[in-house]
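Look over the structure, then read the points below.

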Amino acid sequence: MAENKSEKKAEKKDKLFIDDSYTPVEYDPQYILMVNNLKKYFPIKDGLISRTVGYVKAVDGVTFNLKRGTTMGLVGESGCGKTTAGRTILRLSGEKTGGQVLFNGREVYDLTNKEMRAMRTKMQIIFQDPFSSLSPRMPVGEIIGEAVREHNLVPKGEFSDYVDQVMDNCGLQPFHKDRYPHEFSGGQRQRICIARALALNPEFVVCDEPVSALDVSIQAQIINLLKDLQEKYKLTYLFISHDLSVVEHISDVVGVMYLGSLVEYGDTTDIFRNPLHPYTKALFSAIPIPDPTVHRNRIVLEGSVPSPANPPSGCKFHTRCPYATARCSEEAPCQREVEPGHYVVCHLFDK
């Protein structure tokens, strides 16, 4: 009996596990979003009493700042933590494990439920799958206007006209309001998802691979729509994708993630012109070139991606890096600014 009580106490402590090992940053008004050493761990349960035996380190020390009205592309292999980082920033994945998320100078995780409810109108997300993220039992007009009505953004007499205007801005017709999601194509459903997010007049939108499930021609339409809406409403995007050509087209800055950590960060032009981290170089070498006469030296990484539940010591990438040394397996590298605004986490660039 005493052992069971101690297990329950340990379990309660595990649920409240917080990592405070970071230095808080001060708010800079030029940035709408400041992420400082953000961590999100998920407990691994085992045994009859579901005891926590470890943690999946999905997001492990991500740091970046995002200026107003700009787009940051977040790229990396599947499972590297891109989507979890976006959801953690929006406070959609429970409590964070550590770090800071400052939105307009306010720590998102210090807000009360009432304050967070009001903040939801300023922070929105466009999900990856436009079909599963839409209720099949609600017509499009209700899907788009549900949150508008819930937050009392417009008077009742203006509600219908407001929804019509939002739909028109996203390339949808007013007669679409009475139709259901299954009656639309994939591109139209994604437009519905965009309209639902923009109906609340947000300042910041997380775009979680919004074009990955669409045909190439439809992708171009949705990307152009996002850029037009950004220019019109001064929106700020965090654009999560594994399609590097799309990221290059829409992003102002790019962050490259590997195993929950940001390994390189900088202006889009600098990243694509001069990738520094060995992982970034390997990613970019896989971009197809639409010219049969041009041959690119493909960098093939050896081995498989390590488990985020048991990441390698030192540099997480050293098990697959062709330039790894003994130091890489023992000492974790620090972030270095190699050129103005271009940061990399690699021992190759230590001064």
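Both Tyr-41 and Tyr-55 are buried, meaning under 20% relative accessible area, where over 50% is exposed and in between is partly exposed (1.4 Å probe, protein chains only). This is a predicted model, in which local features need pLDDT of at least 70, side-chain atom pairs count only at pLDDT 80 or more, and totals for chains, interfaces and linings use all residues. Residues are numbered from 1 along each chain as its sequence is written, and side-chain values use heavy atoms, with hydrogens and water left out.

**Aromatic pairs**

- The whole structure holds seven aromatic pairs. Rings of Phe, Tyr and Trp (its six-membered ring) pair if their centres lie within 6.5 Å; planes under 30 degrees apart are stacked, over 60 edge-to-face, the rest tilted.
- Tyr-41 and Tyr-55 form a tilted pair, 6.4 Å centre to centre with 45° between the planes.
- This pair joins distant parts of the chain: Tyr-41 lies in strand β1 (residues 31-46) and Tyr-55 in strand β2 (residues 51-67), 14 residues apart. Strands (E, at least two residues) and helices (H or I, at least four) are DSSP runs, numbered from the N terminus.
- Tyr-258, Tyr-279 and Phe-317 are linked into a cluster by ring pairs.

**Charge over a ring**

- Arg-149 places its charged end over the ring of Phe-159, 4.3 Å from the ring centre. The cut-offs are NZ of Lys or CZ of Arg within 6 Å of the ring centre and within 35 degrees of the ring normal.

**Val-211**

- Val-211 sits in the loop between β7 (204-208) and α7 (216-233).
- Val-211 is buried, at 4% relative accessible area.
- Leaving out residues up to four places away in sequence, Val-211 touches Gln-219, Ile-222, Ile-223 and Val-246. Contact means heavy atoms within 4.5 Å.
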